[in-house]
Amino acid sequence: MLMPRPAAAPVRRILDKALSGREVSVDEGVTLFEARGADLEAVVSVADQLRHQTNGDDVTFAVNRNINFTNICYMGCQFCGFAKRMEDKGAEFLSLETIVARAKEAWQRGGTEVCIQGGLHPKMSGTHYRDILLAIKAELPDMHIHAFSPFEIWYGVKKTGMSIRDFLLDLKACGLGSMPGTAAEILDTEIRKVLTRDKLTTEEWVEIISTAHDVGIRTTATIMYGHVDSPNHWAQHLETIRAIQRACRHAEGGFTEFVPLSFVHEDAPLFLKDPSAVRPGPTREEVMLMHAISRIMLHGVVDNVQVSWTKLGPEMAQAMLACGVNDLGGTLMNESISRAAGARNGQEVGENQAPSPQCAEQRKCRPAVHICNCEER
Ligand code: SF4
């Protein structure tokens with residue numbers, strides 16, 4: 001086994017612990033997030049070794065299509081440049097026919113998965129989520145449907161008056177294959193108050209995700225970082241994800257992957273209101289550390305760490321393959337949420353372009369039917 005590059009003693013001790021399979025605590029995670037220079041290189045090196053132990057050299061991705069069925073939403077999340085009011089130019093609410101047509105087009109182009117999320121439209125019925133699933137499955141029974149964030153589940157539960165468990169069981173019976181663990185942002189009450197006015201609380205996010213796992217619906221887990229947060233929030237967030245996964249008792253349940261999502265500031269209301277009160281996304285070093293420390297703290301608990309190429313761009317996404325990442329998510333035809341917040345990266349990567357040719361040289365890449373991450377909102 002390769003030893004970490006020279007690092008300061010406290011960092012080296014934590015990394016030795018990780019390499020020997022022992023758990024890295026929240027305080028130790030914070031120390032790792034503060035690593036720079038040789039310490040940072042050592043953190044990245046250990047993450048890369050743990051990735052190799054767990055996943056070998058395969059890089060996975062899904063051929064999928066994003067369908068954002070409505071951008072109408074009044075929740076007012078402060079990081080969201082996606083939501084529109086009903087009267088706004090560009091506001092849309094796709095019909096079931098359009099959603100099915102887009103799913104069919106994806107299937108014809110080799111897609112195996114649709115990733116469906118939308119705003120919380122004030123006039124939408126709580127049964128609309130099941131209607132979407134039934135409409136797609138009627139035409140495409142083998143299409144994997146990865147859909148509905150915990151915020152949408154919260155909304156459907158609120159609108160229908162059903163319990164979370166019954167609502168999720170009904171969606172599963174209607175064809176829900178897995179759920180994006182988006183709307184997590186940072187699982188910290190004070191930070192959520194700034195980002196979302198605490199509309200979906202940490203406790204509610206955890207309850208919805210844990211219930212999904214309990215009824216056999218697998219989910220991704222995300223973190224959105226680089227705004228008003230700090231290393232302590234990041235390490236605590238990873239600890240929360242670890243605890244949820246450990247508590248999962250369902251054979252089919254649990255997290256499939258962890259997906260760090262960097263804050264895209266350009267068109268986010270939080271940044272536009274007061275650019276001095278919020279950071280313009282994470283630094284390159286922080287991005288490297290977030291992927292690497294996710295791998296280290298979740299080692300043995302969540303096997304896949306995914307990079308979001310729509311947030312970071314292809315070059316940075318490729319670099320993350322050496323920082324503990326083994327999954328590139330989806331090709332995401334029609335990704336629109338990151339772009340609405342100002343991200344510059346593409347709407348689609350062709351099947352032969354994702355991952356990039358350089359990446360294919362670096363690692364053996366293969367298309368995989370793999371549960372992907374939908375974009376953070
Ligand atoms: S993040 Fe989602 S819930 Fe929040 S305002 Fe945007 S669309 Fe609405």
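The largest nonpolar core has 105 residues, and V43, L289 and I296 touch the most other members. A nonpolar core here is a set of buried Ala, Val, Leu, Ile, Met, Phe, Trp, Tyr and Cys residues joined through C-beta atoms within 7 Å. Buried means that 20 or more other C-beta atoms lie within 10 Å of a residue's own, with C-beta atoms placed from the backbone. Helix α12 (residues 284-297) gives the most to this core, with eight residues.

This is a predicted model: local features need pLDDT of at least 70, side-chain atom pairs count only at pLDDT 80 or more, and totals for chains, interfaces and linings use all residues. Residues are numbered from 1 along each chain as its sequence is written.

Now for helix α6. Helices are DSSP runs (H or I, at least four residues), as are strands (E, at least two), numbered from the N terminus. Its buried residues are P150, F151, E152, I153, W154, Y155 and G156. They pack against β3, α5, α7 and α9.

The axes of α6 and α7, lines fitted to C-alpha atoms over the stretch in contact, come within 10 Å and cross at roughly 110 degrees. The two helices are therefore roughly perpendicular (65 to 115 degrees). Here is who touches whom, counting C-beta atoms within 7 Å as contact:

| Helix | Residue range | Contact residues |
|---|---|---|
| α6 | residues 150-160 | I153, G156, V157, T160 |
| α7 | residues 164-173 | I164, F167, L168 |

Just after α6, G161 takes a positive phi of about 80 degrees.

Technical notes: Axes fitted to C-alpha atoms, helices over the stretch in contact; angles between N-to-C directions. Parallel < 35°, antiparallel > 145°, perpendicular 65-115°, else oblique. Contact = placed C-beta atoms within 7 Å. Buried ≥ 20, exposed ≤ 12 C-beta atoms within 10 Å, placed from the backbone.
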